[in-house]
Amino acid sequence: MSDQTSELQDLDTARAKADVEADRACLCCRKTFRSAGFGARVCPRCKTTTAWRTGAGLLGA
Ligand SMILES: [Zn+2]
């Protein structure tokens, strides 16, 4: 069953590779910005806007 273990390791590697700094489209303004990872999908500029904070608050409520 060493093949299965190898597959799992490959998935982990792929996930880690995707969760790195890269150019991504902002979820808010759709502009491409430098994202630090999966947790950064909104550009720094939009994060400072009231609209984004309001939307995040609604999602969290
Ligand atoms: Zn943006």
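Cys29 counts as partly exposed, because 14 C-beta neighbours fall inside 10 Å, a count that lies between the limit of 12 or fewer for exposed and 20 or more for buried. The model that holds this residue is predicted. Its chain has 61 residues, and buried residues make up 5% of them. The secondary structure comes to three helices and two strands.

**Cys29 and its surroundings**
- Cys29 sits in the loop between strand 1 (22-25) and strand 2 (32-35).
- Setting aside neighbours within four places in sequence, Cys29 is in contact with Cys43 and Cys46.
- Val42 is 13 residues from Cys29 along the chain. The C-alpha atoms of Cys29 and Val42 are separated by 8.1 Å.

- Is Arg30 buried or exposed? Arg30 is exposed, because 9 other C-beta atoms lie within 10 Å, and the exposed class takes 12 or fewer.
- The phi of Arg30 is near 70°. That is a positive value in a residue other than glycine.

**The hairpin**
- Strand 1 and strand 2 form a hairpin. Six residues lie between the two strands.
- Arg30, with its positive phi of about 70°, is in the turn of this hairpin.
- The two strands run antiparallel. Four bridges join strand 1 to strand 2.
- Which residue of strand 2 is the bridge partner of Ala22? The partner is Ser35.

**Chain layout**
- Read from the N terminus, the elements run α-β-β-α-α.

**Confidence**
- The chain averages a pLDDT of 75. Of the residues, 66% score at least 70.
- Where is confidence highest, and where is it lowest? Strand 2 is highest, at 92. Helix 3 (residues 50-60) is lowest, at a mean of 55.
- Where pLDDT is low, the predicted coordinates should not be read in detail.

Key:
Residues numbered from 1 in each chain as written. Predicted model: local features only at pLDDT ≥ 70, side-chain atom pairs only at ≥ 80, totals over all residues. Contact = placed C-beta atoms within 7 Å. Pairing = 2+ DSSP bridges. pLDDT = per-residue confidence, 0-100.
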